[in-house]
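Trainee: I would like to learn how to read a model like this one. Can we go through it feature by feature?

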Amino acid sequence: MMRMIRSDEGQEEAVTVRRSESSDARGIERLISPSSEAVFGHVSAITLLEKANLAVTLTNESEDVLAHASFFDFPSGDFMDGAQWEPFLHTHFTAERCTPVNTLFLHLFVAQPEFATASIKEIIRDTFHAVSELDFICLISTNSSAALEPALDQILKPLQRRTHSETQCCAFMCERTDQCEQLSVRRARVEDHDEVMLLFIDENTLLSTFNHHDFLLDTIQDQDEGNHAAVCETNQAIVGFMSISISIDVKMLQENYDLSQFEGFHTKPDQNVEDGSSSTQQQQQQQQSEAAGTANAFCVQLFLIDKNYENRSVDFLPYVFQQFPELNFCVVSVPSQTQEPVLLHDFVMVPQRESSTLNQDLYMFHRDALQGVTVRPAVRSDGDTVAALVQDLSLKEFLLQDLQRFYDSHSDTDGVPLQAFVAQVSGEVVGVVIIRDQQDIEYLRSHFNIENFIYFSHHGYDEHAQLLHFTFKPSLLHLSRHTLKEVLRLAHKSCLYLRRYQDLSQENFCLHHLDFVYERAVPVRPRPQIIYPLEELDINVPSTQVTQEKASFALSLISRKLTLEPKITVTTRIVMVGASDTGLSFLETLCFCPHLRFKHLTLVSTHGLHGKHSHEYCEFLTTSHAYSSTDLVHIPFHSCVRVVEGKMVAINRKYKHIRVSNGEKISYDFLVLCTGLQYRKPSLKTEEPKQPMRTIRSTFSNVLTINDLHDCRAAHQWLSENFVKQGGKAIIYGEGVDVLSSLQVLLSLGVSGSRIHLVLPGPSSSSWFPDPVLDKAVQSAMDGAQVQVHLLSDLDQMDHDQASQRLTSVTLTTGGEPLHLECGVFINLSNRGVDYDAFRAITESFLLFDHRLVINSRFLTNDPSIYAAGPLTRFSRLCGSVGRSHADYCSTEVGRDLATTLLSHFDPTLEQQAGAEPDVNARLLKYTQAKIQGGKLPGGFTFLHVTKPCEKHWTENTDKPQQQVVTGRADRGNYFCLTFDPYDTVQTITCLSLKPLPLCNYLSLYGKHRALLGLHDQGSVHDLYSFFRQKHFLPLFHDRFSDLEQELQLITQLKEAEGPSHSSLSEESCAAVRSITVNFLSYNKNLLPVFATPDQLINRNILQ
C-alpha cells in the first residue's frame, strides 16, 4: 500500500514499506556510506538479507530502494556471543526490560540522505506493527566514538552505562511507546455505544452470537459477574470492543472438538472427599462436571477492532483475564470460512472431531501464555520434568535417549553434535527441542530445492541443523514460534530442517504437535534427479553424498528470516474427491504454498493415498509417471491433508456436505471433483446401457477390474494364490495399452502364453502405438509366447457357478460363429467411464451432466461452490470449445491450473482484476506440458511415449512437414524416435527398449530445439540411446537448465531488438554468454563435476 513521505527539503514521495527481497541487495549496497559503516561496521547486504530475522525495505513507485533496515535477535559485532547478549546488556546497561522475546537489534540502516528521517520513522513504526510482541529496538555499536546519523539520533536514545567494561561499545534503544500510539483497555459504558457501532463498518469482526443491533446495547448494559464488555481506546477514541461471557455450551464443544489435550479445561472436582473413596468419587465428579457443562473458561462473544490497530488485539487479553481471575482459558468460536483475525494468531486451534459437521473453528488461549516463554539449554536436572511432559507420547524413548546422550557427551552414537533446549513458562518446563548438526546437507541441497528459500553459499556448513525431537504443552503451543526462533539463536544456527517419513515406524524422532512448527516452516519441493551414465563418467561421477540412496521423506525448512514471517491461515473447508493425477496435483500445489497454511484440506479416495501401496505390483496399468510412491512421500500430505477412505455416494448442495460410502458426512465450503475415469462392468452385446454401470468385481471373485494401485496389488496377490499354479485360462478383455501391460504381468508371473486369451473388442484395438513397427514388435512377442489374440470380439455371455460365485466361461461373437472360452480369471479393462457412484451423486444433486460433468473455463460447475477438473469433465458448449476436454491435456498441469484458480479466493498476493473475464479459447490453449504414457509390454519391452497435448486442436501453422530422427529397431528393443514440430522443437518422444530407461533424462528432451541437441539430420546419429549418454548432455538434464536457457535467450532477444544489422552476437554478448554458462556450471558443480570450473583450471595450471 503506497503512502506519502516528505524529505527534509519538503519533497514528497510515494513509497511502499515491505519485507526485503534478495533483489534489493544491489540497491542497498549503493546506499551504504562511510558514516553508516562507522556505526554498523563493514557489512554484506546479501548476507544480512539471508540471516536477518526481519529486513525491511522502503521503495518508491519505480521500485528504487530509498531506505533499508535489518533486524536481528542478537547484537551486531563479534565482541560477544550472540547467545549471551541478555546478561551482557543487563549487566553493563540499564536495559532490564529487554528480553529475547521483546527485543530486536538494528544491524544496518541506510537511506537516501534527503529521505533518511522520514524513512526511519516509517520503518520503525512498521516494524513495531509487524511484530506484536516487540517492545524494544536496540543498537549496539563497537565504535563508541562514532556519532549516529541525525535520522537515527532522533529515534534511538542512548542507554546509560552501568559499568566500565573492557569492551568499548555504546548502546541505544527505541521503545514502542515512543513511536506508536498506546492503547488502553477499560470497561465499556453505555455512552460508548455509538462509537462502537462505527467499528462495524468495514472492520474485522469476531462473532459468536451477534444477531441483531440491539445485542450490542444489551451487552453493554447487562454486564455482571459472568458477562463483561471492554473497549480499547487511544487518544480518547475507541478503536476496539470485546464482550466476554462464562456462558459456554461445553456439551456441544465436547461433541465437536477434541478437548482431551487441554488439561484443566474442565473444572476440577471437589477434593474434599473421604480417603477410601477419593479416586472413585473424583472420577464420578469429573464426569458429572463435564456433563453439566462446567468449564474452566470464558468465551469471546463479540470482538471488533479498527484495522489500523488490529495488530494490538492481544492488548485485550490481560484485561479480560483480570475479570475472571479463577478461569484459565479464553475460547473463541468463528465460522470456518472467516479470514483468521490477528487476535487468533496467539491462540491455539482445537482439533475438530472427524464426525463433526459444525461449520465453526474453535480457538483457545491459556492464562499462562500472558507470561511469555523463556528458552534455555537443557540441564541434567530437567530430566524428570521432561520425562513427565512426554510420558504419554509415542517414540518418547528416543527423545529421552537423545536427551541423556546430550547430557553425557553432547553428541549422538555417531559422534554428531546434539543440542537440547527447554521452554519455560512461569518457571514450568512446557516444551523440549532437540536438534542435531545436519551432516548430509549436500544430499539435501541436491535432492530438494532449498535454494528457493536461502542462498546456500551464505550459510556455513555448521549453521544447518536437523530438528530431531519437538514437543510442547498443547495449551501453549502458539509460544512454539518464539521457541524455534530462540533455538536458532542459542544454537548458532541459521537453518533448521524437519523430515517426515511415510512410514512413521522408520522414524526415531519424537515429533508431536507439528502444526505449529509447520506454520513457521516452508515445505521444500524435491528436485528431479539426473540419471548418470556411470560407465561413461568413470571417475567424474558426483560425490556419494549426492548419489547415495536414502529412505524417502518430505522436507520442511525453518530459516532465520522466516521466524518473524507469519503465514496466512486458511480455514476454508476444501474437500477433494478422487486421488487422480489431477486431484493430487491440485493438493500438491496447495501444500507447497510457502505463505499459506491450509487447516481443512480433505481428500476422499476409494483406497486413500496410493503412496502407501508398493509400486512393485503396479504394472497391470500403464503410468503417466506423475506420482510414484516416492513422489508422494516428498509431498507434505501428512501435515496438510486429512485422507478419508471411501467413495462419494451423495452430495447435499443445500447443507454443503457429502456422504461417503463408510457413512461419514464431510462438510465443505468448496467441493472439488477429480474422480477421473474408471474401468467398469463390460457391456454385453445384448445390452444397450444408457448410463454408466457398476463394476462387476464385487460379484465374481475371479473377475478383476483394475483401476488403481490397490486393485493392482489385490490382483497380483489373487493371481499368485488362486491362478498361477492352479491352471485354467486367463481372459484379458479391453482396449488400449493397459491390456498389454496386464498381459506382461501374467507372463512375468510364469503363466504360459497358451493359457492367455487377449480379447480386443474395439475396431482400432490392433493398433496401440503411433508407429506400426511397434505394433509389429509387440505382436511378434505375443506370437512367440503363444498368446491367443481375438480381434473385434464382443462379449456376448458370461456364465458362472452359483455355488462358488466364480465366472466359469464367456462367449464371444466375432462376426461369425460364437466362440466359447473357459475362464479361470477374467481381467476387465473395458468400458472406461465415470464411476457409477460418482455419476449418481452428481446427477441426483442436479449438477449439469452431459456425458461428462459440465464445467466452464474457470473449472466451475453450475454450483458456485463445486469445482471439477480432469477427464471427468467436459467444457460447456457456451465456451465455444466443442470437442475439447481436460482429457486432451496433461492432468498434472490441469490440476495446478485448478489450484491457481481456487487460490484467488485465499491468496492476497494474487492480483485480481474485478470484472476481467479471461478469454476462453486462450485459456484452453495455454496448456503446454507433455502427456506421458509408459509401461512394461510383452517381450520385456519398456515403453515410453511423450507427446504434445491436444495435438488435434492446435491451430498453429503446420505447412512445414514434421521431421523425425529414428534409430534402432523395435523388434531388437533399441527403438528411439524423436519427432520435431515445424519450429524444430521436440514434440514427441517414443522409446521401446529392453533396458531400463533414464526417465528423468529423456523427459528433459521435450520442447528442446533440434540445434541444441545437435541433431542436424537423420543420418547424423545411429543410436540415440548412446548419443544421450554422452557427458556433455548432463547440463541439459539438470533441473535448472531452463533457468540458464532463459538468461541466454534474454541476451539474444536484446540483440534482436537492435535490428537486423545486429543479428550476430558482439564480443561483449559472447563474453556474457560464456560468463553465464561458466557461472551455471560452477554453481552446480556438485551435480556436474565432469566439467572443470575456472578455479580448477587455475589450480591445475599451478600444479603443472
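Trainee: How much accessible surface does the chain have, and what share belongs to carbon and sulfur atoms?

Mentor: This is a predicted model. The accessible surface of the chain is about 49200 Å². Carbon and sulfur atoms account for 48% of that surface.

Trainee: What percentage of the residues is buried?

Mentor: Of the 1104 residues in the chain, 54% are buried. Buried means under 20% relative accessible area.

Trainee: How many helices and strands are there?

Mentor: The chain has 35 helices and 51 strands. Look at contact range too. Take contacts between residues at least 6 apart in sequence: 72% of them join residues at least 24 apart.

Trainee: Now sheets. What is the order of the strands in the open sheet of seven?

Mentor: The general idea first. Strands of a sheet pair through backbone hydrogen bonds, either parallel or antiparallel. In this case the order is S17-S18-S19-S20-S21-S23-S22, and the pairing is mixed. Strands S17 (374-377) and S22 (522-524) are at the edges; each has a single partner strand, so one side of each has no neighbour in the sheet. On average, neighbouring strands of this sheet are turned by 35 degrees against each other, direction ignored.

Trainee: In which sense do S20 and S21 pair?

Mentor: Strand S20 (residues 464-472) and strand S21 (residues 495-501) pair in the parallel sense, over three bridges.

Trainee: Which strands does helix H14 lie across?

Mentor: Helix H14 (residues 396-409) lies across S18 (418-425), S19 (428-437) and S20. Relative to S18, helix H14 runs at about 110 degrees.

Trainee: Next, the open sheet of five strands. What is its order?

Mentor: The order is S34-S41-S35-S36-S37, with parallel pairing. The edge strands are S34 (703-705) and S37 (788-791), each pairing on one side only. From one strand to the next, the twist averages 15 degrees.

Trainee: Over how many bridges does S35 pair with S36, and over how many with S41?

Mentor: Strand S35 (residues 730-734) pairs with S36 over four bridges, in the parallel sense. Isoleucine 732 stands opposite leucine 758 in S36. With strand S41 (residues 825-829), S35 pairs over five bridges, also in the parallel sense. There, tyrosine 733 faces asparagine 828 in S41.

Trainee: Why is S36 largely enclosed?

Mentor: Five of the five residues of S36 (residues 756-760) are buried, so the rest of the structure largely encloses this strand. Check both faces. Ile756, Leu758 and Leu760 are buried on one side, and His757 and Val759 are buried on the other.

Trainee: Which strands does helix H23 lie across?

Mentor: Helix H23 (residues 709-722) lies across S34 and S41, at about 155 degrees to S34.

Trainee: On to rings. How many aromatic pairs does the structure hold?

Mentor: A pair of aromatic rings is described by the distance of the centres and the angle of the planes. The structure holds 31 aromatic pairs. Phenylalanine 406 and tyrosine 407 form a tilted pair, with 6.0 Å centre to centre and 50 degrees between the planes. Phenylalanine 406 is buried at 6% relative accessible area. Tyrosine 407 is buried at 11%.

Trainee: Which residues do ring pairs link into a cluster?

Mentor: Phe976, Tyr1002, Tyr1025, Phe1027, Phe1028, Phe1033 and Phe1037.

Trainee: Which charged residues lie over rings?

Mentor: Two cases to inspect. Lysine 550 lies over the face of tyrosine 443, 4.8 Å from the ring centre. Arginine 1010 places its charged end over the ring of phenylalanine 980, 4.7 Å from the centre.

Trainee: Last topic, loops. Is serine 132 buried or exposed?

Mentor: Serine 132 has 15% relative accessibility, so it counts as buried. Its loop runs between helix H5 (116-130) and strand S6 (136-141). Leaving aside neighbours within four places in sequence, serine 132 contacts Arg176, Asn311, Arg312 and Asp346.

Trainee: And alanine 147: buried or exposed?

Mentor: Alanine 147 is exposed, with 61% relative accessible area. This alanine is in the loop between S6 and helix H6 (150-155). Alanine 147 and alanine 38 are 109 residues apart in sequence, yet 8.2 Å apart in space, C-alpha to C-alpha.

Note on methods:
Residues numbered from 1 in each chain as written. Predicted model: local features only at pLDDT ≥ 70, side-chain atom pairs only at ≥ 80, totals over all residues. Heavy atoms only, no water. Helix = DSSP H or I, 4+ residues; strand = E, 2+ residues; numbered from the N terminus. Buried < 20%, exposed > 50% of the residue type's maximum accessible area, 1.4 Å probe, protein only. Contact = heavy atoms within 4.5 Å. Areas by Shrake-Rupley, 256 points an atom, 1.4 Å probe, with all protein chains shown as cover. Pairing = 2+ DSSP bridges. Axes fitted to C-alpha atoms, helices over the stretch in contact; angles between N-to-C directions. Phe/Tyr/Trp six-rings, centres within 6.5 Å; stacked < 30°, edge-to-face > 60°. Lys NZ or Arg CZ within 6 Å of the ring centre and 35° of its normal.
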